[in-house]
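Please open the model in your viewer and keep the selection tool at hand, and then follow the stops below in order.

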Amino acid sequence: MHWKNIFSIIGQLTLFLAITMIIPIIFAIYYKDNNLLSFIKSIILILVLSIFIRLCFKSNNNSTIINQREGLIIVSIGWIIVSLLGALPFYFSSQNFTFVDAFFESVSGFTTTGASILTNIETQPKSLLLWRSFIQWLGGMGIIVLSITILPLMKASGNKLYKAEVPSPVPDKLKPKIRDTAIILWKVYLLFSIIELLLLIAGNLSFFDALCHTFTTMPTGGFSTLNLSINHYHSLYIDLIILIFMIIGGINFSLHYQMLKGKSVMFWKDSECKFFLITCMFFSTLIALNLYKKVYPSIIEAFRYSTFQVVSIITTTGYITADYELWPSMSKLIIALCMFIGASAGSTSGGMKCLRIVLCLKYCYKELFSIVHPRAVTQIKINGQSVSNKIIRSIFGFLSLYIIIFVFFSIILAGMGLNVTTSLGSVAASLGNIGPGFGAVGPSKNYALIPNLGKYILTFCMLLGRLEIYTLIVLIVPEFWRK
Amino acid sequence: MRIVIIGAGEVGLNIASKLAYEGKDVVVIDKNTEALKFIAENIDVKIVNGSGSNPLILKEAGIIESEVLLAVADSDEANLSACLIADLLSPSTKKLARIRSDGFIPYYKELRRNIPHINTVINPDIEVVRTIERFIDFPGVVDIVDFVDGHIKFVGIKINKTSPIANIQLSNLSSVVREIKPLIIAVVRNEKLIIPKGKDELKVGDLAYFITIDKELLKIMSVFNPNSFPANVKRVLIIGGGVIGYNLAKKLELRSISCKVIEKESSRCEYLAQKLDKTIILHGDGSDQSLLNEENVSETDVVVTLTNDEETNVLISLLAKRMGAKKTITQVNKFSYFSFMPTIGIEQVVSSRLSAVNTILHHIRRGKILSAISIKGEAAEVMEAIALPTSDLVSKPLKKISFPKEAMIAGIMRHKDIIIPNGNSIIEPGDRIIVFAKRKAIPGVEKALSVKLEYF
């Protein structure tokens, strides 16, 4: 293990984080919200730390080559350190954040979870709210992917880091060079963000609100600047714009790139995307029929709220226009199922990802098929490409780990005195990077009442979910550290 | 007139013997001395031992004076490189390369037209797939060939017991058949080729060749066999997943016919499963009765046997038929087997080698002859030609023309009309004509068409 290389890269990462804090500082000055000092303090602290790292772990040569294991360490530790440092503005602010709360809010931001411990969001200083939304935007496409595009030191090692941060089950590289691929993804991300911002401003949102909501829609994050989330506006237009951009955020970005390059109707040709869209429509319809007359008198209204909520949860965004806890059990269970499914691989969403679900279903069909035709040789295919058994095995490993982790931490949370619904709901919502869960952490409530240890566990779940489990969990395997 | 053939395999051997029989200078190049020895003992050709892509060997074979180079060795790469080297030595020689691997198939059209330094490539496997598809569509058909860009079909069909036209004098056919009378050109009976006269009759077990325009094909088929047309094929079982099997399965997938492929080699199975979407790939031995049973061979409409071993193909076809398959199509490559296949109950036979020979013939008999095809057992050829103004054939009623005895004019295409001729028909200059000729009569036909023995 070359700790020098590892920390010199992490040092660059922290330096980069300090630079991004300039943006909330501008807002703090503009809005005069008495929060400037907390950002200044944070920047100074981060700069000191960065310089310290730089002095201690000065890398001899400029292009460091790292191996697979070091890549995993950099990404895992990088995410934890960035989340810790990102928590400083909360901790230093005048709002009396305890350390654990600040850390929780920061991790929830960077991992695009959107779970909050704030009971009254609207009273927070604007620059802090912006920072909270902005870190979701940074985390959505991946802080490492972003740094690959910007930082020179990452050039040689980009490939390993990219694989560790964006562990797509079936990797697709848009360009021969990973840096070019990362740049394309960020360009697409930026382009959609600008479009959404303009459309939201057109919907009579203030620039600040439009910006914050754009920062949290595209990465399917879900932080809002309002206590009532999107429901605050009671506007069909805003609902629709947010809905569309949540779906965009839930679709593989390489498909967006291909569409923008002029290859039209790629969405329907891609099996995963098709599955994602059909699942959204199917569940929305089921819930709408379930809600019709029981909750909403008109079918159109039932559709409006069911679609928004299904898309919000399945893309792991977590915006709220209706409190699904008040819905009938069937609807609630479908929403719970959505928490696990997630949207497309290669998107900004969390959860298990549609691609894994599709391949898992195909595998099950293959097993049934081979009972009928014992001698048949079959291949699992996605978009006409066959998927190797190695990938299928890794997907089953992922799904099993996901369930095991979910059950394990739910039991621990229940052991801390939370009720069954709350413990299951909060772990599912954290692991899937969604935000609102069930019970005491339901859509109209927040995470403030979770005990401190529980908050640490949930932040760990968020990081696990964001780094798709393997990257982080492999660090606790003893074999990993063996020389 | 000299022709150099690279590759002394079955295709090389057959082409060589055909051309030598017609009195052309043939040189065969091959690395295998055994194969060359066999050829030298049986056919009057020159043999050269060595690699076809070696310039010295090509020179020794006389490539510079030759008009045609046929590269029909087993390896695609050898064929291509031989053509390239030959082009260097003698640009005026017409070069044909046989290419068979999978990867080339999507580019077949491009290769035929645009490949540099090579006049054309031929892929007999594609022709075989086409023939099998036709056999699937037309049960009972033994041979089916296109002429005039597919507007005219030359069809060989088996006469079975239920056929209403069995045992009826050909001149009396109109008493049984209302609508269209098929023009029967040749009959193969007891392995002998007969050109029938009006007083002859078709017997059960005969193989009758007739000619028809494309549109009336189905109607005429139902004259022979009223109940079985059009064919309703839903399930096909392919045994042997080689190049032909794979391409056939791909074609059938497009037509949404449910298709299964049995393949022995597991790595090939994996490959097929990757490439094919709806087809069920089964790993196993095609001659395994329990596997055939398991996969419901009795419910299968067509079983196609395409393994590399023709004896196995024949046996599997017989087995499948006994187990209840409605129809079988068998790949047999040895020409010497063709004649007795009907005797043992194998009806529809395909051969990639025969189609290679046919495709090559098409290219060799150029000049004013547009295409040519030899029918089963090679006893006769069907040619498509343009009637030249200088020919003796034109501007006279057919009955007054002195045409070789064992040959006949079977169809005339004028502009876009197709005339099935009778004694009073007149050929006009520029017409395309279809001529059927027994092997002995071919030189006479070529003379009559004033094509002489000149090729290019």
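Select helix 1 (residues 3–20) of chain A, which, in this predicted model, gives the most to the lining of the largest cavity, with 4 residues. Now show the whole lining, made up of A:L13, A:F16, A:L17, A:T20, A:V82, A:L138 and A:I143, and colour these residues by type to see 6 nonpolar, 1 polar and no charged. The space they line has a volume of about 50 Å³.

Next, stay in chain A and select A:E105 and A:R132, which form a salt bridge whose closest N and O atoms are 2.7 Å apart. This pair links distant parts of the chain, for A:E105 sits in helix 6 (residues 99–110) and A:R132 in helix 7 (residues 126–141), 27 residues apart. Are these two residues buried or exposed? Both A:E105 and A:R132 are buried.

Then select B:D277 together with A:K381, a salt bridge with its closest N and O atoms 3.0 Å apart. B:D277 lies in the loop between helix 10 (266–275) and strand 14 (280–283) of chain B, while A:K381 lies in strand 2 (residues 380–382) of chain A, so the pair joins two chains. B:D277 counts as exposed, at 55% relative accessibility, whereas A:K381 counts as buried, at 11%.

Finally, move to B:L84 in helix 4 (residues 76–89) of chain B, which counts as partly exposed because its relative accessibility is 40%. Leaving aside residues up to four places away in sequence, B:L84 touches B:P116, B:H117 and B:I118. Although B:L84 and B:P116 are 32 residues apart in sequence, their C-alpha atoms are 8.6 Å apart in space.

Conventions
Residues numbered from 1 in each chain as written. Chains lettered and ligands numbered in written order. Predicted model: local features only at pLDDT ≥ 70, side-chain atom pairs only at ≥ 80, totals over all residues. Heavy atoms only, no water. 1 Å grid on protein atoms, 1.4 Å probe; cavity = no way out; pocket = protein on both sides within 12 Å on 5 of 7 lines; lining within 4 Å. Points joined across faces, edges and corners; volume = space filled by probe spheres on them. Nonpolar A, V, L, I, M, F, W, Y, C, P; charged D, E, K, R; others polar. Buried < 20%, exposed > 50% of the residue type's maximum accessible area, 1.4 Å probe, protein only. Contact = heavy atoms within 4.5 Å. Salt bridge = Lys/Arg side-chain N within 4 Å of Asp/Glu carboxyl O.
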